[in-house]
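Morning, everyone. Please have the sequence and the model open.

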Amino acid sequence: MSDQEAAAADGEKKLSKKELNKLAKKAKKMELTQQKGPSANDASGDKEEDVSVGCYGSYGLVQSTDEKDIVFTELNAINKDLANKEIWVRGRVHTTRSTGKSCFLVLRHKVHTIQVGLFKGDLVSKQMVKFVGAIPKESIIDIQAKVVVAEQEVSACTQKEMELHPIQVFVVSSSEPRLPLQIEDASRGENDPSGLAVVNLDTRLDNSYFKGQAYLAQSPQLYKQMAIAGDFEKVFTVGAVFRAEDSNTHRHMTEFVGLDLEMAFKFHYHEVMRTIGDVLINVFKGLQREYAHEIAAVGQQYPAEPFRVLRAGFGLEEDLSTPLEKKLGRLVKDKYKTDFYILDKFPLAVRPFYTMPDPHDARYSNSYDMFMRGEEILSGAQRIHDPTFLTERAKHHNIELDKIQAYIDAFRYGCPPHAGGGIAAVSNG
């Protein structure tokens, strides 16, 4: 007896012709499946081996867990001299198209682009091709690849003669799949009717400034980070800052000129901390070297000890008060013979909500201060570049999310890990 007849005989009501045809199709499908044997997706069968295990995936949150000795090549530096060599590059997924066994994407860094071709083979699995093809546009990725001379000119890229064949692909910062606008839309000319209007967002802070209301120019911190999210890599601003400081000391100023700087890094915020430290050391040594005569002239009227420079690092259990800062400055000078030093790993509780926690000990943070003769001249840290984690930390600090929503949204479409700091004018009288 057929399945259809059995179903009709055993059922309390007779099946319709449509239902009988449906059962017949189902039976035929099962028969064909049994003839072909277990499929790659059948849990009872053997899945296709993934020969690319460990060569693709996501870094997860880059929290400065460790430093990596990887040298990256800029896209505009790739040429025929690098043909058949393996290099590392970092950039954004500009466009992507894939089939079952291959994937082509255009990698973009700033205004430079290059074609990347991934093909299923002995060293590249179908799973790896599928993973790369599904990476959202504008995500930031790291690629280790072989440099290959393109078979024909790649007209859609700035790199027209060379292309990359990946060996490893890792997501550094993933973008949300749905973009608020396409790069093509943003690239249209000002007179293009299909282009987008540019909106100038001017946000000011309203404070009580010595018993009066005033719009105060504060730190450009959040705007620096938003610029980093736009792939500027290194950003600095020099401008006036106004604060309603009640303390009448040489360390507390109501008006000063500040230097704020921000920098993207690859794997660890110490890349930024060392860069800032080296900049300051070069400034100090440069002043001593280039302006020795002027310094000596000033010293005749205002005698002072020669400034000494060496970089050193320390760990702390709590934030420093002014007396402790000065005492530490004396201790450092006695032991290391330097007036300039860097303190790393401040407690998380004394840092702003956007500071990245230490990956090994949640009590501390990836933050640092730089001191000159016992007084802080710069405060900085790695910033949180993941919107979900940033929202979580803002809630922890009881910050109203609607007031910083534009700031949080800036990190939803791929943002490199970054750190920075602010330098204020300081008197050491």
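Aromatic pairs and a helix contact

In this predicted model, the count of aromatic pairs comes to twelve. I will take two of them.

Start with Tyr 56 and Phe 131. Their ring centres are 5.3 Å apart and the planes are at 50 degrees, so this pair is tilted. Tyr 56 is in strand β1, residues 56-58, and Phe 131 is in helix α3, residues 126-133, so the pair links parts of the chain 75 residues apart. Phe 131 is partly exposed, at a relative accessible area of 26%.

Next, Tyr 59 and Phe 170. Here the centres are 5.5 Å apart and the planes at 10 degrees; under 30 degrees counts as stacked, so this pair is stacked. Tyr 59 lies in the loop between β1 and β2, Phe 170 in strand β6, and the pair therefore ties together parts 111 residues apart in sequence. Tyr 59 is partly exposed at 24%, whereas Phe 170, at 13%, counts as buried.

Both residues belong to one aromatic cluster, formed by Tyr 59, Phe 72, Trp 88, Phe 170 and Phe 267. What sits over the ring of Phe 267? The charged end of Arg 90, 5.4 Å from the ring centre. Likewise, Arg 351 has its charged end over the ring of Phe 346, 4.4 Å from the centre.

Last, the helices. α6, residues 270-290, packs against α7, residues 292-301, at about 85 degrees, with the axes 5 Å apart. That makes the two roughly perpendicular. The contact has three nonpolar, one polar and three charged residues, with Leu 287 and Arg 289 among those from α6 and Ile 295 among those from α7.

Technical notes
Residues numbered from 1 in each chain as written. Predicted model: local features only at pLDDT ≥ 70, side-chain atom pairs only at ≥ 80, totals over all residues. Heavy atoms only, no water. Axes fitted to C-alpha atoms, helices over the stretch in contact; angles between N-to-C directions. Helix = DSSP H or I, 4+ residues; strand = E, 2+ residues; numbered from the N terminus. Parallel < 35°, antiparallel > 145°, perpendicular 65-115°, else oblique. Contact = heavy atoms within 4.5 Å. Nonpolar A, V, L, I, M, F, W, Y, C, P; charged D, E, K, R; others polar. Phe/Tyr/Trp six-rings, centres within 6.5 Å; stacked < 30°, edge-to-face > 60°. Buried < 20%, exposed > 50% of the residue type's maximum accessible area, 1.4 Å probe, protein only. Lys NZ or Arg CZ within 6 Å of the ring centre and 35° of its normal.
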